[in-house]
Amino acid sequence: MRRGGGGLVSGLSGVATDLDVLWVCAALSDGDRSAVRLAPGGRLDQAGYETGALRMLDIPAATFHRAYNAIANSTLWFVHHLLYDTPNRPHFDARFRREWESYQAYNEAFAMALAEEAAHGAKTMVQDYHLGLVPAMLRVERPDLRIAHFSHTPWAPPEYFSLLPDEVATELLEGILGADHAGFLTARWAGAFMDCCESVLGAEVDRAALGVTHGGRTTRIGVHGLGVDGEALWARASEPDVESHMAALREQVGDRKLIVRIDRTELSKNIVRGLTAYREFLAAHPEWHGRVVHLAFAYPSRHDLPEYREYTAAVQRCALEIEDEYATEDWDPLILNVQDDYPRSLAAYRLADVMLVNPIRDGMNLVAKEGPVLSPQSALILSREAGAAAELGEDALLVNPYDVSATAHAIHAGLVMPEAERARRGGRLACAATALPPHRWFSDQLAALT
């Protein structure tokens with residue numbers, strides 16, 4: 001067993017183990033499937049695993065692949081992050097309809113498991129775009145339950161959401177409206193969802209009261225910004241394995257300034273433009289040659305999909321070009337690592353002078369919040385298209401994620417920012433980042449179901 005990556009895991013792992021909840025999830029790998037088949041009723045906690053109460057679903061591998069990769073990650077993720085190359089994609093053909101049937105089956109498996117497990121009147125929290133149909137399905141089976149759905153991604157505006165086939169767009173919106181409470185990370189994403197309900201469904205939307213009425217019932221809309229647990233993060237970042245990584249990084253880079261980015265190798269994270277901005281910064285500021293190092297940790301993501309394999313290769317090519325152009329015998333301007341290592345990431349946070357977080361579009365982005373907590377002396381460069389910009393924008397260096405030259409200027413501004421200004425901004429950033437830790441984020445949604 002090992003800790004999974006991504007913001008949802010960071011947000012929920014502590015909550016799920018500390019509270020009296022049952023976590024229902026899908027087997028991701030052959031190893032997972034082997035474990036769940038030996039567990040009574042799929043309950044890994046009853047088979048000797050220290051997971052907290054956990055039921056894992058053994059969804060057929062082909063169904064899982066079509067639902068998770070073809071629909072959730074290749075369609076819904078692309079829609080909500082505005083990633084399509086629209087002259088060429090998407091194609092919603094007969095193959096897509098078969099994949100959509102698998103997404104329906106995947107969601108039905110979760111709905112049935114929740115219906116089996118939940119006590120009468122229990123509160124059920126459904127997470128993210130993979131499970132957009134579950135609330136409506138579960139309501140049919142268990143109308144006694146109180147149901148919430150939370151979206152960890154952005155939500156597409158109506159004109160982009162309407163790229164989806166009409167029946168699919170309708171089913172997704174009505175699926176989430178099966179919940180009593182639909183939660184989003186920012187007011188911007190909540191507003192886009194309500195706009196889609198009004199435009200696609202003709203639903204009655206009350207933006208002042210944050211409610212959507214459709215099909216004879218009303219779903220309340222909530223905005224719940226997810227922050228970090230500062231104490232828990234610092235406790236983990238102070239452990240010996242992190243200290244060991246810090247020592248190794250210090251030895252590797254010496255006393256040079258550090259620009260740090262930590263991402264999954266995900267199309268929306270905009271890693272290539274970030275590297276290109278660093279390259280342009282080096283070209284414009286030869287006085288920084290030998291005095292700065294960019295630590296770019298880009299961890300593998302969704303390599304089942306060809307677009308992601310190609311993007312990872314593009315990241316590596318760009319890194320090699322920077323090395324070829326600027327590296328000397330005693331200076332590596334860029335350290336790129338694509339091996340997932342959470343303790344090393346924490347070490348990099350603690351050493352950062354500049355944090356670079358420049359996604360094309362992001363639901364929240366917890367890296368932008370974890371960085372200032374562990375390195376309050378660092379400057380934060382933040383995309384205005386990240387959800388975190390709504391809370392951190394005043395004290396970050398905001399950038400247009402498509403503007404490489406502006407990002408290069410921000411890198412320079414971050415490096416030359418006076419220490420007193422860094423400290424002032426960093427303190428405010430850390431306070432904002434920890435204002436809504438996961439337990440409060442979760443309890444606020446539970447309270448909304450009362």
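Me: Which residues have the most contacts inside the largest nonpolar core?
Reply: This is a predicted model. Its largest nonpolar core has 140 residues. Those with the most contacts inside this core are Trp155, Phe161, Leu295 and Leu382.

Me: Which helix gives the most to this core, and with how many residues?
Reply: The core in question is the one of 140 residues. The helix that gives the most to this core spans residues 94-117 and is H4, with 9 residues.

Me: How many residues has the other core, which lies apart?
Reply: Ala27, Ala39, Leu54 and Met56 are among the members of this separate core. Its residue count is 8.

Me: Is Glu99 buried or exposed?
Reply: Glu99 lies in helix H4. Beyond its neighbours within four places in sequence, Glu99 is in contact with Arg66, Ala70 and Ile71. Its relative accessible area is 12%, and buried means under 20%. Glu99 is therefore buried.

Me: How many disulfides does the structure hold?
Reply: A disulfide requires a pair of cysteine sulfur atoms within 2.5 Å. For Cys197, the nearest cysteine sulfur is that of Cys196, 7.1 Å away, and Cys197 is in no disulfide. For the structure, the number of disulfides is 0.

Me: Does Cys318 count as buried or exposed?
Reply: The cut-off for buried is under 20% relative accessible area. Cys197, at 0% relative accessibility, counts as buried. Cys318 has 7% relative accessibility, so Cys318 counts as buried.

Definitions and conventions: Residues are numbered from 1 along each chain as its sequence is written. This is a predicted model: local features need pLDDT of at least 70, side-chain atom pairs count only at pLDDT 80 or more; totals for chains, interfaces and linings use all residues. Side-chain values use heavy atoms; hydrogens and water are left out. Buried means under 20% relative accessible area, exposed over 50%, partly exposed in between (1.4 Å probe, protein chains only). A nonpolar core is a set of buried Ala, Val, Leu, Ile, Met, Phe, Trp, Tyr and Cys residues joined through side-chain atoms within 4.5 Å. Helices (H or I, at least four residues) and strands (E, at least two) are DSSP runs, numbered from the N terminus. Contact means heavy atoms within 4.5 Å.
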